[in-house]
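Q: Please take a close look at a single part of this protein. Then set that part against the rest of the chain.

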Amino acid sequence: MTPSKHAYSLDSILEIYARPFNDLIFEAQQIHRQHFDANTIQCSTLLSIKTGGCPEDCGYCSQSVHHENSLKPEPLMDIEAVRSAATAAKANGAQRLCMGAAWRSPHDKDIEKVAAMIQVVKEHGLESCVTLGMLKSGQAERLQAAGLDYYNHNLDTSPEFYGEVIHTRSFQDRLDTLEAVRDAGIKICSGGILGMGESRRDRARMLQVLSQLPQPPESIPINALVPIPGTPLETATPIDGLEFVRTIAAARIIFPQAYVRLSAGRETMSDELQALAFLAGANSIFLGDRLLTTSNASSGHDQILFEKLGLHAG
């Protein structure tokens, strides 16, 4: 993988983080306005098409078979259920439907079923995104041929802290999947989770690695950990709100043309914290009361918040 010509050094990203808060937000907002309508938020809907029974041991996830109280495995969703979900997503104002499956790596027969789901999503005039785990040779190309727009595969954290959270899949495995997806001509959605016990340096390193990709991600989800009972991170200390916003601002400055998604954790965020995140350059959210396995801010509350802030979906 050839490094990007626009890669940032770790010291330069840490310098961005360390700026006075007002200066940081001001610069991020200026950059944001150069590339986006400052009052438009891209809205996606997340659908779990295969829940539970995952062989990975990600410390934050209730779908892992390694953890107590893991979710009961469910079969792959049928095509008509996906059709209904796409209809509802479109009606609720989403521009993209993201489908997630709890696999380590899908089989080719699974890829064919997901390809059919992607075509259903596209028939509804929605962008399509999937997160299916690691991909083997030829699988990314098959998804691209079905019309897939985005593939989500988060780095989660820095390469140095990664082993504290996940042991069944290497950091390089994640980079290899991103490379396969990019080589197939699919847009990349990749970010991380904050509040897992990582340091600011780890957060900066995660952004640095993303900046070193040959082509930066088009979509960067920034998640606040939702502690789930029965997982190793159930007692993790929540990320400080202002530090969370600093990460949003740093992502906006480093990736001026990417959608920066205010992702998991919004249910417990105040309106004021979300407003700061939007001011710092976040311009994408998930709609709906549910993400893959965790609660999300309700659509009704989002509508009220958008009205308060003068924001609109687009």
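**The surroundings of one cysteine**

A: Leaving out residues up to four places away in sequence, Cys 189 touches Tyr 150, Tyr 151, Asn 152, His 153, Asn 154, Ser 219, Pro 221 and Arg 261; contact means heavy atoms within 4.5 Å. This is a predicted model, in which local features need pLDDT of at least 70, side-chain atom pairs count only at pLDDT 80 or more, and totals for chains, interfaces and linings use all residues. Numbering runs from 1 along each chain as its sequence is written, and side-chain values use heavy atoms, with hydrogens and water left out.

Cys 189 lies in strand S5, residues 187-189. Strands are DSSP runs of E with at least two residues, helices are runs of H or I with at least four, and both are numbered from the N terminus. Cys 189 has a relative accessibility of 1% and so counts as buried. Buried means under 20% relative accessible area, exposed over 50%, and partly exposed in between, with a 1.4 Å probe and protein chains only.

One of the partners of Cys 189 is Arg 261, found in strand S8, residues 259-262. Arg 261 is buried as well, at 2%. Beyond Cys 189, the contacts of Arg 261 include Gln 42, Ser 44, Arg 96, Ser 219, Ile 220, Pro 221, Ile 222, Ser 284, Ile 285 and Phe 286. Ser 219 and Pro 221 also touch Cys 189.

An unreviewed UniProt entry lists Cys 98, Cys 129, Cys 189 and Arg 261 under "binding site"; such annotations may be inferred rather than shown by experiment, and positions follow the numbering used here, with feature names shortened. These residues span 164 residues of sequence but cluster in space, with a largest C-alpha distance of 13.9 Å.

Asp 156 belongs to the loop between strand S4 (150-152) and helix H6 (171-183). Asp 156 is buried at 2% relative accessibility. Its phi is positive, about 75 degrees, although Asp 156 is not a glycine. Most residues other than glycine have a negative phi.

Buried residues make up 57% of the 314.
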